[in-house]
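Please keep the sequence and the model at hand while reading.

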Amino acid sequence: MNESGQLMGVPIKLVMALVIGTMTMGILMQFVGTAERTILRDMKVTFPRTTSDNLTVKVFDAQSGDALGDATIVVKYPGGMKAHTCGESSNQNRFSIPMNGADCVVVTVRVTRHGYIPWEGEVAVTAAKKK
């Protein structure tokens with residue numbers, strides 16, 4: 001460095017600004033990487049079978065459509081509730097809903113899984129037809 005404040009022909013203030021800018025960008029990129037990992041995703045829940053006193057609940061990733069294991073499904077109906085946590089390789093469960101003589105029962109379904117926004121909805125389950 002010479003008396004005019006230059007390092008090998010480059011002003012020292014410019015060198016310091018570039019070093020500080022590079023360090024700041026590195027820190028910001030770490031924050032962005034952490035934020036991407038903590039973003040909650042959305043899930044899609046379907047009911048392929050809701051008749052004959054049974055309710056089947058299937059859980060998928062909303063964006064990719066892939067089956068979503070490890071989800072906890074809670075079913076609430078008049079007079080009680082049931083819950084089931086799916087395994088890693090299972091994305092569905094079938095619940096037997098007590099009808100108590102009714103032709104149709106409205107059931108509240110809540111699905112949760114780590115890293116996903118909780119899902120809640122209602123579905124009508126009809127009784128098995130009597131012969």
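Asp70 sits in the loop that links β4 and β5. In this predicted model, the phi angle of Asp70 is near 65°, a positive value in a residue that is not glycine. Most residues other than glycine have a negative phi. With a relative accessible area of 36%, Asp70 is partly exposed.

Asn100 is another residue with a positive phi although it is not glycine, here near 50°. Its loop runs between β7 (92–96) and β8. Asn100 has a relative accessible area of 69% and is therefore exposed, since the cut-off for that class is over 50%.

The table lists the accessibility of several residues that come up in this report.

| Residue | Relative accessibility | Class |
|---|---|---|
| Ile73 | 0% | buried |
| Trp119 | 21% | partly exposed |
| Phe47 | 22% | partly exposed |
| Arg110 | 36% | partly exposed |
| Asp70 | 36% | partly exposed |
| Asn100 | 69% | exposed |

**The chain as a whole**

The chain contains 1 helix and 9 strands. Read from the N terminus, the order of these elements is β-β-α-β-β-β-β-β-β-β. The chain has 131 residues, and 23% of them are buried. Among contacts with a separation of 6 or more, 47% are between residues 24 or more positions apart.

**The sheet**

An open sheet is built from 4 strands in the order β6-β5-β8-β9, with antiparallel pairing. Which strands stand at its edges? They are β6 (80–85) and β9. Each of these two has a single partner strand, so one side of each is left without a neighbour in the sheet. On average, and with direction ignored, neighbouring strands of this sheet are turned by 20° against each other.

Inside that order, β5 (residues 72–77) and β8 run antiparallel and are joined by 5 bridges. Lys76 stands opposite Thr108, a residue of β8. As a general point, strands of a sheet pair through backbone hydrogen bonds, either parallel or antiparallel.

**The nonpolar core**

In soluble globular proteins, nonpolar side chains tend to be buried together. The largest nonpolar core of this model has 21 residues. Leu55, Ile73, Ile97, Val107 and Val111 are the residues with the most contacts inside this core. Two or more core residues come from each of β3, β4 (54–61), β5, β8 and β9. The largest share, 4 residues, is given by β8.

Ile73 lies in strand β5. Its relative accessibility is 0%, so Ile73 counts as buried. Leaving aside neighbours within four places in sequence, Ile73 is in contact with a set of residues that includes Val57, Val59, Ala83, Phe95, Val109 and Val111. From Ile73 to Val59 the C-alpha to C-alpha distance is 9.1 Å, and the two are 14 residues apart in sequence.

What does Ile97 touch, not counting residues up to four places away in sequence? The contacts of Ile97 are Asp53, Leu55, Val75, Tyr77, Val105, Val107 and Val125.

**Side-chain pairs**

The structure holds 1 salt bridge. Arg110 forms this bridge with Glu120, and their closest N and O atoms are 3.3 Å apart. Arg110 belongs to strand β8 (residues 104–112) and Glu120 to strand β9, so the pair ties together parts that are 10 residues apart in sequence. Arg110 counts as partly exposed, at 36% relative accessibility. In general, side chains of opposite charge can pair when their charged atoms come close.

There is also 1 aromatic pair in the structure. Phe47 and Trp119 form this pair, with 6.0 Å from centre to centre and 55° between the planes, and it is tilted. Phe47 lies in strand β3 (residues 43–49) and Trp119 in strand β9 (residues 119–126), so this pair ties together parts that are 72 residues apart in sequence.

Terms used
Residues are numbered from 1 along each chain as its sequence is written. This is a predicted model: local features need pLDDT of at least 70, side-chain atom pairs count only at pLDDT 80 or more; totals for chains, interfaces and linings use all residues. Side-chain values use heavy atoms; hydrogens and water are left out. Rings of Phe, Tyr and Trp (its six-membered ring) pair if their centres lie within 6.5 Å; planes under 30 degrees apart count as stacked, over 60 as edge-to-face and the rest as tilted. Buried means under 20% relative accessible area, exposed over 50%, partly exposed in between (1.4 Å probe, protein chains only). A salt bridge is a side-chain nitrogen of Lys or Arg within 4 Å of a carboxyl oxygen of Asp or Glu. Two strands pair if DSSP finds at least two bridges between them. Axes are lines fitted to C-alpha atoms, for helices over the stretch in contact, and angles run from 0 to 180 degrees between N-to-C directions. A nonpolar core is a set of buried Ala, Val, Leu, Ile, Met, Phe, Trp, Tyr and Cys residues joined through side-chain atoms within 4.5 Å. Contact means heavy atoms within 4.5 Å.
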